[in-house]
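Please keep the sequence and the model in view while going through the points.

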Amino acid sequence: MTAPGRANGQPGAAVVEARHLVKHFPIRRGLFARSAGAVRAVDDVSFVVEAGRTLGVVGESGCGKTTTAKLVLRLEQPTAGEILFEGRNLVDLGPEGHSHYRRSVQAVFQDPYASLNPRMRVDAIVMEPLVTNETLPAAEVAARLRRLLDLVGLPRRAAELFPHEFSGGQRQRIAIARALALSPRLVVLDEPVSALDVSIRAQILNLLTDLQRELGLAYLFIAHDLAAVAHMSHTIAVMYLGKIVELGDARTVARDPKHPYTQALFSAALPSHPDEVREEILLPGEVPSPANPPAGCRFHPRCPQAMDRCARDVPALAPAAGRDVSCWLYDPAGARAPAGAR
């Protein structure tokens, strides 16, 4: 089994790059399904996932994290924007290039109880992608299966068992083995530990870290768990209502968040040390509907530091304090003290 990052690109080289991604889902109502607007799930999102590194995407439910993952996996087509794979736009790849992309980008989903076929044995589950996409001698298939089971820490006798004979953590190891069957360059991890017991989560996260180190994998890590994101990621993107509001080095963002929304998220997370004192920031109101987002900065109706211009103008995602932040507080040309107008 090849090491994707070593065979197909140098560590740090861009594997997948998203440029100004947009995904709107049309709303249709009435007998004749007339258009009634759109849900703006993802609105002008850009990021890079590098070889051997992890981009963590975090935010409340409905912020666009999973839709972003589906766009990368090509489970949804973007309304606008583009995705580049190894520097080439996906629309220019052609059939062979798209087939290579599908093999190179795999996924591990949230629920290991739902993502595995209960009627298939583990050997068939893990090797199905390989058998479907490649023609290999039976001996090589068997050798690849043994290698994959060893990689994820499962005994070889597991190959003959069914998913119901395993615990949740073991099932997720099976799902990870299946994702690695085609030697991908990028693995999309959509809430990979949220359905597991707390005692098992660290084991799976450590396994993913070890696999990344050994195989040179790139990860797009989608999660609600801020501690897991901070632990796993090299870069963190914080999303709110379809937009990235803060993007930067994971340690920098976790230890010193700058956007008011990021500050509120991390203030509510469990502290990294029992003696750490942290003041929780409580946000008023509810997350607005993505079908009717607020004008200006989408966070301004809930922001404790909102200014007059926040309700009018959309702040760009721009460099500030060692990361990119979408907030007028860090606009050197126009920032001013909060007006307290609300």
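**Notes on the predicted model**

1. Cys 297 has a relative accessibility of 11% and therefore counts as buried, the cut-off for that class being under 20%. The model in which this value was computed is a predicted one. Cys 297 belongs to the loop that runs between helix H10 (260–267) and strand S11 (318–320).

2. What does Cys 297 touch, if residues up to four places away in sequence are not counted? The residues are Cys 310, Asp 313, Val 314 and Pro 315. For one of these, Pro 315, the separation from Cys 297 is 18 residues in sequence, while the C-alpha to C-alpha distance is 6.3 Å.

3. The protein chain as a whole may now be considered. It contains 10 helices and 12 strands, and 47% of its 342 residues count as buried.

4. Helix H2 (residues 65–72) is largely enclosed by the rest of the structure, because 6 of its 8 residues are buried. The buried residues are Lys 65, Thr 67, Thr 68, Ala 69, Leu 71 and Val 72. Just after H2 comes Arg 74, whose phi is positive, at about 65°.

5. The next point concerns a pair of helices. Two packed helices are described by the angle and the distance between their axes. For helix H4 (residues 122–133) and helix H6 (residues 168–180), the axes come within 6 Å and cross at roughly 30°. Angles under 35 degrees count as roughly parallel, and H4 and H6 are therefore roughly parallel to each other.

6. Which residues of H4 and H6 meet? On the H4 side they are Val 122, Ile 125, Val 126 and Pro 129, and on the H6 side Ile 174, Ala 177 and Arg 178. Sorted by class, this contact of H4 with H6 comprises 6 nonpolar residues, no polar residues and 1 charged residue.

7. Aromatic rings deserve a separate remark. The structure holds 4 aromatic pairs, and one aromatic cluster is formed by Tyr 240, Tyr 261 and Phe 299.

8. Charged side chains also lie over ring faces. Arg 309 is placed over the face of Trp 328, 3.6 Å from the ring centre. Lys 23 lies over the face of Phe 25, and here the distance from the ring centre is 5.1 Å.

Definitions and conventions: Residues numbered from 1 in each chain as written. Predicted model: local features only at pLDDT ≥ 70, side-chain atom pairs only at ≥ 80, totals over all residues. Heavy atoms only, no water. Phe/Tyr/Trp six-rings, centres within 6.5 Å; stacked < 30°, edge-to-face > 60°. Lys NZ or Arg CZ within 6 Å of the ring centre and 35° of its normal. Buried < 20%, exposed > 50% of the residue type's maximum accessible area, 1.4 Å probe, protein only. Helix = DSSP H or I, 4+ residues; strand = E, 2+ residues; numbered from the N terminus. Axes fitted to C-alpha atoms, helices over the stretch in contact; angles between N-to-C directions. Parallel < 35°, antiparallel > 145°, perpendicular 65-115°, else oblique. Contact = heavy atoms within 4.5 Å. Nonpolar A, V, L, I, M, F, W, Y, C, P; charged D, E, K, R; others polar.
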